[in-house]
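Colleague: I'd like to learn how to read a structure like this one. Could you walk me through a few features?

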Amino acid sequence: MVRFIIRRLLSLIPTLFLIITFSFFIMKAAPGGPFSAERNIPPEILANINKAYHFDEPVYKQYLRYLGNVLRGDLGPSFRYKDYTVNDLIANTLPNSLILGITALCIALFFGIFVGLMSAVKQNSIIDYLTMSVAVIGISIPLFVVGPLLMLVFAVQLKWLPTSGWITGRQGLKTLIMPAVTLSLPYFAYIARLSRASVLEVLRSDYIRTAYAKGLSYPLVLFKHALKGAMLPVISYLGPAFAGIITGSVVIEKIFLVPGLGTFFVQSALNRDYTLIMGTVIVYSIILILMNFIVDIVYAAIDPRISYK
């Protein structure tokens, strides 16, 4: 197991290297640049700017220079936010995106497993049809529709929650409720449907019938034997779900004015802020790779049939 962990950790290095390489050259191949939108810049000033940021060098030299800076932990300056480096912007905004994403994922995981388990236990009943209908609605309705609807009901009409803001403001944790619930909805729906299908499949397994034959009670069989095996597909989904819920929070951050990394990612793409684009791509890639790695480890800890040698 230890050897597998070390081998997987070492394999993350070339994966991240390839991501950085492809992202850098694809970005350089795109027309335009971070200063192409500026108007009335004299050619000599533009030449000095390009020289200061090494844009006058061949692309391979720019790549090697950038790669060397990344290895030192320096993601470079932002071309649009003059007073900040990319490290500063990521350090200031990534924690907010992580707080929002982790909260939303916890909500989706708790209620998704609960609803999926209840639906499987009450198969083909009113509860089953009702909960799965809610799950289908959660998958079908886009977040940019759900967010304003929740804002209209709970903020404008009922006045229970603030329309926007963040936990550092005077409204505190109230500002986290609506964006977290909105962001969790599609993931709740997927987890609920996945849990239901997995629990139904496990309940039909031979070892479950054997547990019943030994005289074990239904709740003991369900929670001690069936649920553990049924959670394997959910765990495998959590890796990409966590990365997706972090990277996919851009719409929610825009609607509820959350000061997260997603907003800067969109703006950096529109502004051709090369270093900020690369910095956010690297951070999102690390999150995705690490979560898949953690899922592999948790898989082996839960399922005794899996052995990493």
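Predicted model: local features only at pLDDT ≥ 70, side-chain atom pairs only at ≥ 80, totals over all residues.

Colleague: Is L149 buried, partly exposed or exposed?

Modeller: L149 counts as partly exposed, because its relative accessibility is 49% and the exposed class begins over 50%.

Colleague: Which nonpolar surface patch does L149 belong to, and how much area does the patch have?

Modeller: The nonpolar patch is formed by I137, I141, F144, V145, L149, L152, V153, V156, L158, W160 and V251. Together these residues have about 950 Å² of accessible area.

Colleague: Which helix gives the most to the nonpolar patch?

Modeller: That is helix α6, residues 143-157, with six residues in the patch.

Colleague: What does UniProt list as "transmembrane region" here?

Modeller: An unreviewed UniProt entry lists residues 9-27, 98-117, 129-156, 176-194, 234-256 and 276-302 under that name. Residues 9-27 are 100% helix and 0% strand, with their end C-alpha atoms 27 Å apart. For residues 98-117, the model again gives 100% helix and 0% strand, and the end C-alpha atoms lie 28 Å apart.

Colleague: Now charges. How many salt bridges are there?

Modeller: First the general idea: side chains of opposite charge can pair when their charged atoms come close. In this model the count comes to two salt bridges. One joins D128 and R196, whose closest N and O atoms are 2.8 Å apart.

Colleague: Why does the pair of D128 and R196 tie together parts that are apart in sequence?

Modeller: D128 sits in helix α5 (residues 126-140) and R196 in helix α7 (residues 174-203), so their pairing ties together parts that are 68 residues apart in sequence. Both D128 and R196 are buried.

Colleague: And which residue forms a salt bridge with E57?

Modeller: E57 pairs with R65, and the closest N and O atoms are 2.8 Å apart. R65 is partly exposed, with a relative accessible area of 36%.

Key:
Residues numbered from 1 in each chain as written. Heavy atoms only, no water. Patch = residues over 30% accessible without salt bridge, like charges linked within 9 Å, V, L, I, M, F, W, Y side chains within 5 Å. Areas by Shrake-Rupley, 256 points an atom, 1.4 Å probe, with all protein chains shown as cover. Salt bridge = Lys/Arg side-chain N within 4 Å of Asp/Glu carboxyl O. Helix = DSSP H or I, 4+ residues; strand = E, 2+ residues; numbered from the N terminus. Buried < 20%, exposed > 50% of the residue type's maximum accessible area, 1.4 Å probe, protein only. UniProt positions renumbered as here; feature names shortened; annotations may be inferred.
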